[in-house]
Amino acid sequence: QKIDAFVELQGRGYDFVQLSLEKAAKFGCSKDIPLFISLGVDLNANPYRMSLFCSATAAYVAAWNGQDELLDVICKAGADPNKGRTDTGGTPIHAACLHNHPSCVATLLKHGADPNRREKNGYTPCIIAASHGREACIRALFNGAKKQGTELDVNAVVDTTGHNLRD
């Protein structure tokens, strides 16, 4: 009976494997990731509701919640470290800087995250970290960018309407 109910709910559009991955991303259950991958979960899908108007990837949810070990596992398994929210264009590294998770910043940069990527409103991870006083995240951005051979754009500017003033 339980299996029949499960199959019926899946037929109505509920994807329990994707929902389980969201919970793993939120709570850091990295040991479950190989199982999700074997079940065909799309690590770069955006099924996780952040709000009424936004969904996000597992990597974004993990970075938001400070799950650096899980980020390492899912990035090694193929999660794109530059894919995140559907509404703002924010990436996992933006979330890590906003919520002061420098270890997540370092992990994401190790897996190729762009330290200078802008959200739709023009904000870079460095702007977000600086505007919230996240000194450890700024250090992680600088060190990770240096390891990538990339220069961290510390002079990025946006105005209060979110337009990039340097372009």
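**Figure 1. Disulfides and two cysteines of the predicted model.** The predicted model contains 0 disulfides. For Cys 97, the closest cysteine sulfur belongs to Cys 137 and lies 4.7 Å away, which is too far for a bond. A disulfide needs two cysteine sulfur atoms within 2.5 Å. Cys 104 is in no disulfide either, since the nearest cysteine sulfur, again that of Cys 137, is 8.7 Å away. Cys 97 is buried, with a relative accessible area of 0%. Cys 104 is also buried, at 0% relative accessibility.

**Figure 2. Helices H5 and H7.** Helix H5 covers residues 68–76, and helix H7 covers residues 102–110. Two packed helices are described by the angle between their axes and the distance between the axes. The axes of H5 and H7 come within 9 Å of each other and cross at roughly 10 degrees. H5 is therefore roughly parallel to H7. On the H5 side, the residues that meet H7 are Asp 68, Leu 71, Asp 72 and Cys 75. On the H7 side, the residues that meet H5 are Ser 103, Cys 104, Thr 107, Leu 108 and Lys 110. Sorted by class, this contact has 4 nonpolar, 2 polar and 3 charged residues.

Figure 3. Which residues of H5 are buried? They are Leu 70, Leu 71, Asp 72, Ile 74 and Cys 75. Just after H5 comes Gly 78, with a positive phi of about 120 degrees.

**Figure 4. Thr 107 in helix H7.** Thr 107 is part of helix H7. Is Thr 107 buried or exposed? Thr 107 counts as buried because its relative accessibility is 10%, and the limit for buried is under 20%. Apart from neighbours within four places in sequence, Thr 107 is in contact with Asp 68, Leu 71 and Asp 72.

**Figure 5. Helices H7 and H9.** Helix H9 covers residues 135–148. How do the axes of H7 and H9 cross, and within what distance do they come? They come within 8 Å and cross at roughly 15 degrees, so H7 is roughly parallel to H9. The crossing of these two helices is right-handed. H7 takes part in the contact through Pro 102, Val 105, Ala 106 and Leu 109. The H9 residues that they meet are Ala 136, Cys 137, Ala 140, Leu 141, Gly 144, Ala 145 and Gln 148. By class, the contact of H7 with H9 has 9 nonpolar residues, 2 polar residues and no charged ones. Cys 137, one of the H9 residues in this contact, holds the cysteine sulfur closest to that of Cys 97.

Figure 6. Asn 100 sits in the loop between helix H6 (92–98) and H7. Asn 100 has a positive phi of about 60 degrees, although it is not a glycine. With a relative accessible area of 35%, Asn 100 is partly exposed.

**Figure 7. Ala 58 and Ala 24.** Ala 58 belongs to helix H4, which covers residues 58–64. Ala 58 is buried, with a relative accessible area of 1%. In sequence, Ala 58 and Ala 24 are 34 residues apart. In space, the distance between Ala 58 and Ala 24 is 8.5 Å, C-alpha to C-alpha.

Figure 8. Ala 45 is in the loop between helix H3 (33–38) and strand S1 (48–51). Ala 45 counts as buried because its relative accessible area is 19%, and the limit is under 20%. Lys 83 is 38 residues from Ala 45 in sequence. From C-alpha to C-alpha, Ala 45 and Lys 83 are 9.0 Å apart in space.

**Figure 9. The whole protein, as a setting for the close-ups.** How many helices and strands does the protein have? Its secondary structure comes to 9 helices and 2 strands. Along the sequence, these elements follow the pattern α-α-α-β-β-α-α-α-α-α-α. The protein has 167 residues, of which 41% count as buried. Among contacts with a separation of 6 or more, 64% are between residues 24 or more positions apart.

Definitions and conventions: Residues numbered from 1 in each chain as written. Predicted model: local features only at pLDDT ≥ 70, side-chain atom pairs only at ≥ 80, totals over all residues. Heavy atoms only, no water. Buried < 20%, exposed > 50% of the residue type's maximum accessible area, 1.4 Å probe, protein only. Axes fitted to C-alpha atoms, helices over the stretch in contact; angles between N-to-C directions. Helix = DSSP H or I, 4+ residues; strand = E, 2+ residues; numbered from the N terminus. Parallel < 35°, antiparallel > 145°, perpendicular 65-115°, else oblique. Contact = heavy atoms within 4.5 Å. Nonpolar A, V, L, I, M, F, W, Y, C, P; charged D, E, K, R; others polar. Left-handed = near helix turned anticlockwise from the far one by under 90°.
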